[in-house]
Amino acid sequence: MPVPRGVTILELLVVMAILGVLLGLGVWGFRPDRVAVDQAAQILAAQVGRTRLEAIRNDTYAGLALIPGGSTYMGVSFPNGGYVVCLDADGDAACNGGDRVLQVVRFGEGELGRVRLPAGGGVNWIGFDSRGMPRLRGAITVNLSNAAGTYVRGLTVSAQGRVSL
C-alpha cells in the first residue's frame with residue numbers, strides 16, 4: 001500500500017501562522033513615515049557636505065540654515081520646518097538680501113510630506129568658510145520627526161563639520 005506524501009492541513013496552518021507573525025513584525029520597520037524621516041535625515045546630511053563644497057567652489061562663505069517649524073525665514077513661512085542653503089557673501093552667518101540662495105526645502109510638502117522639524121529654539125546656522133572649514137561654536141543636534149511625533153531621527157553636526165546620524 002503506497003504511503004501518502006504531502007503536507008497536512010495542520011502543517012500548513014503552522015507555517016502560515018509563523019509567516020504571519022514574521023510579516024507582522026517586519027512591516028513595523030517599513031512604515032512610510034519612518035522611511036520618510038530616515039531619508040530626510042540622510043538628505044540633510046548630504047546637504048551639509050554640499051554646503052561645504054559650495055563654499056570651496058565659490059571661494060566664499062556658505063551656510064545651511066535649519067529653520068524650526070512655525071518660523072518665517074527670508075520672508076518664507078516654514079510651518080513644519082525646513083532648511084535653506086545659500087552662499088553667504090557678507091559672512092554674517094545668515095541668508096539675507098545680498099546672498100545667493102541655492103536651495104529652499106520646506107518639510108511637510110511633496111516627498112517630505114511626512115517629515116517635521118519640531119518647533120523650538122531659533123534658527124541653527126551651519127556655515128563654512130571659503131576653505132571649507134566649519135564656522136561652528138559647538139556641535140548642533142537636529143531632530144526630525146514624523147507628523148505624529150512618534151518617530152524621531154537625530155542628526156548631529158560636530159564642531160569639525162562632520163555629520164553623524
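In which helix is the place of Leu 19? Leu 19 belongs to helix H1, which covers residues 9–28; helices (H or I, at least four residues) and strands (E, at least two) are DSSP runs, numbered from the N terminus. The structure is a predicted model, in which local features need pLDDT of at least 70, side-chain atom pairs count only at pLDDT 80 or more, and totals for chains, interfaces and linings use all residues. Residues are numbered from 1 along each chain as its sequence is written, and side-chain values use heavy atoms, with hydrogens and water left out.

The term belongs to a scale on which buried means under 20% relative accessible area, exposed means over 50%, and partly exposed lies in between (1.4 Å probe, protein chains only). Together with Leu 10, Val 14, Val 15, Ile 18 and Leu 22, Leu 19 makes a nonpolar surface patch of about 580 Å². Patches are made of residues with over 30% relative accessible area and no salt bridge; like charges are joined within 9 Å, and nonpolar side chains (Val, Leu, Ile, Met, Phe, Trp, Tyr) within 5 Å. Accessible areas come from the Shrake-Rupley method with a 1.4 Å probe, and for residues only the protein chains shown count as cover.

## Helix H2

Helix H2 has 27 residues and spans 38 Å from its first C-alpha to its last, close to the 39 Å expected at 1.5 Å a residue. The expected span is 1.5 Å times one less than the number of residues. Just after H2, Asp 59 takes a positive phi of about 55°. This residue sits in the loop between helix H2 (32–58) and strand E1 (62–67), and Asp 59 counts as exposed because its relative accessibility is 59%.

Beyond its neighbours within four places in sequence, Gln 47 is in contact (heavy atoms within 4.5 Å) with Leu 64, Tyr 83, Val 85 and Gln 103. Leu 53 is also found in helix H2, but at 56% relative accessibility Leu 53 counts as exposed. Leu 53 and Met 133 are 80 residues apart in sequence and 10 Å apart in space, C-alpha to C-alpha.

## The nonpolar cores

A nonpolar core is a set of buried Ala, Val, Leu, Ile, Met, Phe, Trp, Tyr and Cys residues joined through side-chain atoms within 4.5 Å. The largest such core holds 28 residues, of which Phe 107, Ile 126 and Leu 144 touch the most other members. At least two residues of this core come from each of H2, E1, E4, strand E7 (124–128), strand E8 (140–146) and strand E9 (152–157). Helix H2 gives the most, with eight residues. A second, separate core of eight residues includes Val 84, Cys 86, Cys 95 and Trp 125.

Apart from neighbours within four places in sequence, the contacts of Ile 126 include Val 48, Thr 51, Leu 64, Ile 140 and Val 157. In strand E8 lies Ser 145, which is buried, with a relative accessible area of 6%.

## Salt bridges

How many salt bridges does a search of the whole structure find? The search finds five, a salt bridge being a side-chain nitrogen of Lys or Arg within 4 Å of a carboxyl oxygen of Asp or Glu.

| Pair | N to O distance |
|---|---|
| Asp 38 and Arg 153 | 3.0 Å |
| Arg 57 and Glu 54 | 2.9 Å |
| Glu 109 and Arg 106 | 2.4 Å |

The pair of Asp 38 in helix H2 and Arg 153 in strand E9 links distant parts of the chain, 115 residues apart. Asp 38 counts as buried at 18% relative accessibility, whereas Arg 153 counts as partly exposed at 22%. Arg 57 and Glu 54 are separated by about one helical turn, because they are three residues apart in helix H2. Arg 57 is exposed at 60%, while Glu 54 is buried at 10%. Arg 50, Glu 54 and Arg 57 are linked in a network of salt bridges.
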